[in-house]
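Please open the structure in your viewer and keep the selection tool at hand.

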Amino acid sequence: MAIMMMNPIDVQFSHLKKITNPYPNSIIQHARSLKSLLIRNSREPNHSLLQTSQESARSLVQQFNPNIPIEEALTPPSSWYTCPGFLSLEFDQVFFRGWQAVGCTEHVKEVNSFFTGRLGNVEYVVCRDENGELHAFHNVCRHHASLLAFGSGKGSCFTCPYHGWTYGLNGALLKATRITGIKNFNVKEFGLVPLRVAIWGPFILLNLENEAFSQQGYDDDVGMEWLGSSSKMLSTNGVDTSLSYLCRREYTIECNWKVFCDNYLDGGYHVPFAHKDLASGLKLDSYSTTVYEKVSIQGCDGGEVHGQEDFDRLGSKSLYAFIYPNFMVNRYGPWMDTNLVLPLGPRKCKVIFDYFLEASLKDDEAFVAKSLEDSEKVQMEDIVLCESVQRGLESPAYGSGRYAPMVEKAMHHFHCLLHQNLMK
C-alpha cells in the first residue's frame with residue numbers, strides 16, 4: 001500500500017489545505033452536482049432496466065398479507081425466494097436503507113488498518129486512519145472506477161492498481177498520475193465518496209442511505225436507530241464488549257438469503273429433527289420469543305453450556321437475537337457468535353460467522369477446538385436443510401405454506417417487516 005515514487009508527470013497533492021481554487025464558481029458547482037449525483041445514484045445503476053422488473057416484483061409483495069393473524073396467515077409465496085427482480089427490489093428498499101452490520105471493530109482495531117466488502121452493487125472499504133479516526137468509503141477509484149482495496153490489511157494509503165491514483169485513509173486524493181494538461185480539475189472534488197459509518201458494541205455499521213451526515217456515530221443514538229427499544233436489553237444481557245474476538249468462518253450456501261433467516265427464526269422447531277446433539281443440551285419446551293420493532297429475541301434454557309458452570313449474567317440460558325434484516329447475535333455461556341447473511345443472488349448467499357469468547361478461556365485450545373467443531377457440525381446440518389428448502393421452493397408443487405403459531409412468531413415478524421419495507 002505504499003505510495004509509488006513520483007515521476008515528472010505525476011501530480012501529488014500533499015498540501016490540500018493550501019491549495020487555492022483557480023476555477024470559476026460555475027465549474028465548481030457543476031463538479032459538486034456531479035458528486036451529489038454520484039452519491040445519490042451509487043446504489044442504483046441501470047435504473048430504466050431495473051424499473052420494469054421491480055414493478056413486477058412489487059406485485060409479488062402484495063401476495064403476502066401481514067394483517068392476517070399468524071394463526072390464519074399463509075407464508076410469503078415461493079416467488080419471494082426465486083425471482084431475480086424481487087432481490088433487486090430488496091436491495092433498494094431493505095439493504096440500502098438504514099443501518100447494516102458489516103463487520104467487527106477487531107478488524108480495524110489498529111491505525112492504518114482496513115477491510116473491504118460488498119453489499120449488492122455497493123463496494124465499500126472501512127478503515128482507520130493514522131489519527132485513529134474510523135472512515136468508510138465506496139471502494140471505487142474516482143478516475144476510471146477500478147476497485148482500490150481488496151480483502152483486509154494495513155497500509156498508509158490506497159493506491160489504485162489500474163492507473164496509480166492514490167488516496168489517503170481519510171479519503172483525500174493524494175496523487176493523480178499523468179494528468180498534465182487536464183483542465184477544470186479540482187482535487188478536492190475527486191476524493192473517495194464517503195459512507196456513513198458507526199460503532200455499536202463490537203460491531204461496525206454502515207448506512208448507505210443518507211447523503212448529508214456526520215462521518216462517525218457511536219453508541220446510544222445509533223443503537224436506538226438500529227435496534228429500537230431492544231438496544232438497552234441487548235447491551236446488558238447479550239452483547240458483551242469484554243469478550244475476546246476469536247475467529248471467522250464463512251459459508252456459501254445455495255439458497256436465497258431469506259431461507260437462512262427463516263431457518264434461524266423458527267423458534268427451535270427444526271432443532272430436535274435436524275440437530276439432535278444440540279437438542280440434547282437444550283430444554284426446547286422453554287423456548288420463548290420476544291418481538292421488538294426490528295428485532296426478535298429467542299431464548300432457551302439448557303444445562304451446562306459447553307461444560308461451563310453457570311455464566312455470570314446469562315446463567316444456562318441461551319439467547320438468539322435477530323436484527324432485521326440479516327444479522328444475528330447468539331449468546332450462550334462464555335460464547336457469543338454472530339451470523340451475517342449476504343445475498344449473492346436469488347438462490348445464493350454467504351453467511352459470515354464471527355466468534356467471541358471470554359478472555360479467560362481463549363487459550364484453552366482443547367475447549368476452543370471442541371466448541372468450534374460442534375458449531376461447524378450445526379452449520380453443516382443447517383446448510384443441508386437450507387439448500388433442500390431452496391430446491392423445494394423452486395418446485396411447481398409449492399406455492400405458500402403455513403406458520404406454526406406457537407413457535408414461528410419471529411419468522412412471521414420478519415416477513416411482515418419485509419412487506420412493510422418493500423411496499424414503500
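**Stop one: two loop asparagines**

Select Asn 112, which sits in the loop between strand 2 (99–104) and strand 3 (113–119). Please bear in mind throughout that this is a predicted model. Display the backbone at Asn 112: its phi is near 65°, a positive value in a residue other than glycine. Most residues other than glycine have a negative phi. Is Asn 112 buried or exposed? With a relative accessible area of 19%, Asn 112 is buried, because the term applies under 20%.

Next, select Asn 184, in the loop that joins strand 9 (173–177) and strand 10 (196–200). Here too phi is positive in a residue other than glycine, with a value near 55°. The relative accessible area of Asn 184 is 49%, so this residue is classed as partly exposed.

Move to the loop between strand 16 (317–323) and strand 17 (327–332), and select Pro 325 within it. Most peptide bonds, by contrast, are trans.

**Stop three: the cysteines**

How many disulfides does the structure hold? The number is zero. A disulfide is a covalent bond between the sulfur atoms of two cysteines. The cysteine sulfur closest to that of Cys 141 belongs to Cys 160, at 3.9 Å. Cys 141 is buried, at 4% relative accessibility. Select Cys 247 as well; it also counts as buried, at 13% relative accessibility.

**Stop four: a pair of packed helices**

Finally, select helix 6 (residues 257–264) together with helix 9 (residues 365–393). The two pack at an angle of about 125°, and their axes are 10 Å apart. Helix 6 and helix 9 are therefore oblique to each other. Their crossing is right-handed.

Which residues make the contact? On helix 6, show the side chains of Val 259, Phe 260 and Asn 263. On helix 9, show Asp 382, Leu 385, Cys 386, Val 389, Gln 390 and Leu 393. Colouring by residue type divides the residues of this contact between helix 6 and helix 9 into six nonpolar, two polar and one charged.

Technical notes
Residues are numbered from 1 along each chain as its sequence is written. This is a predicted model: local features need pLDDT of at least 70, side-chain atom pairs count only at pLDDT 80 or more; totals for chains, interfaces and linings use all residues. Side-chain values use heavy atoms; hydrogens and water are left out. Axes are lines fitted to C-alpha atoms, for helices over the stretch in contact, and angles run from 0 to 180 degrees between N-to-C directions. Helices (H or I, at least four residues) and strands (E, at least two) are DSSP runs, numbered from the N terminus. Angles under 35 degrees count as roughly parallel, over 145 as roughly antiparallel, 65 to 115 as roughly perpendicular and the rest as oblique. A crossing is left-handed if the near helix is turned anticlockwise from the far one by less than a right angle, and right-handed if clockwise. Contact means heavy atoms within 4.5 Å. Ala, Val, Leu, Ile, Met, Phe, Trp, Tyr, Cys and Pro count as nonpolar, Asp, Glu, Lys and Arg as charged, and the others, Gly among them, as polar. Buried means under 20% relative accessible area, exposed over 50%, partly exposed in between (1.4 Å probe, protein chains only). A disulfide is a pair of cysteine sulfur atoms within 2.5 Å.
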